[in-house]
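Trainee: I'd like to learn how to read salt bridges and cavities in a structure. Can you walk me through one?

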Amino acid sequence: MLLEVEGLCVNYGHIEAIRNISFGVAEGEVTTLIGANGAGKTTTLKTISGLRKVREGKIVFDGKDITRLAPYDRVKLGISQSPEGRGCFPGMTVRENLDMGAYVRTDRKTPAYREDVERVFQLFPRLEERVNQTAGTMSGGEQQMLAIGRALMARPRLVLLDEPSMGLAPRLIQQIFTIISEINQQGTTVLLVEQNAAQALRRAHQAHVLETGEIVRSGTGEELSGDPSVRAAYLGGDV
Amino acid sequence: MHFDFLFQHIFELTITGLALGAIYALVALGYTMVYGILQLINFAHSEVFMFGTFAFAWVFVFIHGTTSASQGLGSTIGLLILALVAAMLTSAAVALLIERVAYRPLLKKDAPKLIALISAIGASFTLSELMGVRDKVAAWFGLEDNLSNYVSNARDIYANPVTINPKGLFTIGDYTVTDVDLVVIGAALAMMLALDIFVRRTRFGRGIRAVAQDPESALLMGVNSTRIIQITFLIGGLMAGAAAALYMLKIGTTRQNAGFILGVKAFTAAVLGGIGNLRGALLGGLLLGVVENWGSAVFGTQWKDVVAFVLLVLILLVRPSGLLGEALGKARA
């Protein structure tokens, strides 16, 4: 397993946001966490990135315990994230945002770096058209592309994607999920958090269902798509 | 009201106003940058400036002794540069100390902003009073005789022993622009240009902007925000130190409470220009300096501060976010 979460508990003040969850993310795969609003999906990702304090349990990345590691050291190890709500830097241009994604890299002037920028532009041609536009003036879909592209600029081994389809037009949602599969096929491990369970399960190798801070079901994407209770709760009944 | 006086001396009032405004602007940068990343007004920043003015004067005392002398800018250039560097380093050190002692422990505990504000006010009083009792501090260590040139009469006005005589260079209208005016305005603009390039072009500069625009995203990019906060205080300190040196060049005297009014003015300049915005601080500072000078010509010098703050209120009534300010949460720094 590239990432292992073991018995993780996280509190917001006195409220338990996550209770004793355990799961793994295998290298080269797409793993997804699905669940309703407030189930603890975003908190899980923030905790993996080091933005939330762990009350109990541990997080192991590539065999190394990172439970107490500073957020910037986790990025250096190869974990990057496209956060919920995109989190683009509104006053920076597309190019500056991409440069921020590569903040921990030291090879800014090398061909390898330019290749990575090219790769992001290939995935999202729209970003190349808008390279000098400030992020704050772009549409939600464009900002989502930028957030994912920016996360890739760190050359992550594991990329965490938080609700990449939120607030997007249906056609764009399809496109974003296709690109997520493409990113995975190019060799990046993906941990995907989604409310759009149908799409997420179709793309995922492994899937876990979160309910009020606990994992209630796990399986392959296919298994969970076929599970009657998952279908009833997250896929809109017998579709 | 003396509008005729204003029009007769418009060039003189404008140029000396610009020189004063450039000093306000340099100090305003410290307020605006710290606000940009922490959404906090660092009320101790005025003392950062005040320590710089003393460091500047002390260099002259150290090299020259206390016998007053009067020299031109050209013949003291080496000493001036040395004193400028000393002022910048001293101010930077004080700024870093404030960050370490008055802010970081609170930020680590996620204390409310109001607590940090009180802490900053406390730091401001402490630093100012510490300068005011420096003779007593020296006495504790038995150094009051050795250091008497630096510490005696600690609460009085402290003057740079070397008075810089401005030399007229060229005439605009009926005002002869002096080398001191040019150095003050030129140096302030050069510092601000350097800062603008630093913030826009370097990795740490981008880090500062990232923390200002979205602190949580910045962490996800691998920005070490503690380090960025430190660098921001450091830069604010360097700029305030440069302002202190230019102030001493122009005014020549300081005091343990010299930071107060200047700090309030610089803070006003920062708000006027749009707090959190670097170019706003420059614009706000220059505008404040000039308008204040014009105002005191028209209404009398006693009205100088009234003019400054009426200007602030008028502009905030029309543009609550300041001249170049954007709504909070939008583009900053």
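Trainee: How many salt bridges does a search of the whole structure find over all chains?

Mentor: Keep in mind that this is a predicted model. The search turns up 27 salt bridges over all chains. Let's look at a few. The side chains of A:Arg157 and A:Asp62 pair up at 2.7 Å, N to O. That pair links distant parts of the chain, 95 residues apart: A:Arg157 sits in the loop between α6 and β7 of chain A, and A:Asp62 in the loop between β4 and β5.

Trainee: Is A:Asp62 buried, exposed or partly exposed, and why?

Mentor: A:Asp62 is partly exposed, because its relative accessibility is 44%, and the class runs between 20% and 50%. A:Arg157 is partly exposed too, at 30%.

Trainee: Which residue of chain B forms a salt bridge with A:Arg52?

Mentor: That's B:Glu216, with the closest N and O atoms 3.6 Å apart. This pair crosses between chains, from a loop between α1 and β4 of chain A to helix α10 of chain B.

Trainee: Which residues are linked with A:Glu16 in a network of salt bridges?

Mentor: A:Arg19, A:Arg55, A:Glu56 and A:Glu214. Within it, A:Glu16 and A:Arg19 meet at 3.9 Å, N to O.

Trainee: Now cavities. How do you find empty space?

Mentor: Rolling a probe the size of a water molecule over the atoms shows where empty space is left. Here the count is two cavities of 30 Å³ or more.

Trainee: What lines the second largest cavity, by class?

Mentor: Six nonpolar residues, no polar ones and two charged ones. Among them are A:Arg95, A:Asp99 and A:Phe121. Helices α3 and α4 of chain A each supply at least two lining residues.

Methods
Residues numbered from 1 in each chain as written. Chains lettered and ligands numbered in written order. Predicted model: local features only at pLDDT ≥ 70, side-chain atom pairs only at ≥ 80, totals over all residues. Heavy atoms only, no water. 1 Å grid on protein atoms, 1.4 Å probe; cavity = no way out; pocket = protein on both sides within 12 Å on 5 of 7 lines; lining within 4 Å. Points joined across faces, edges and corners; volume = space filled by probe spheres on them. Helix = DSSP H or I, 4+ residues; strand = E, 2+ residues; numbered from the N terminus. Nonpolar A, V, L, I, M, F, W, Y, C, P; charged D, E, K, R; others polar. Salt bridge = Lys/Arg side-chain N within 4 Å of Asp/Glu carboxyl O. Buried < 20%, exposed > 50% of the residue type's maximum accessible area, 1.4 Å probe, protein only.
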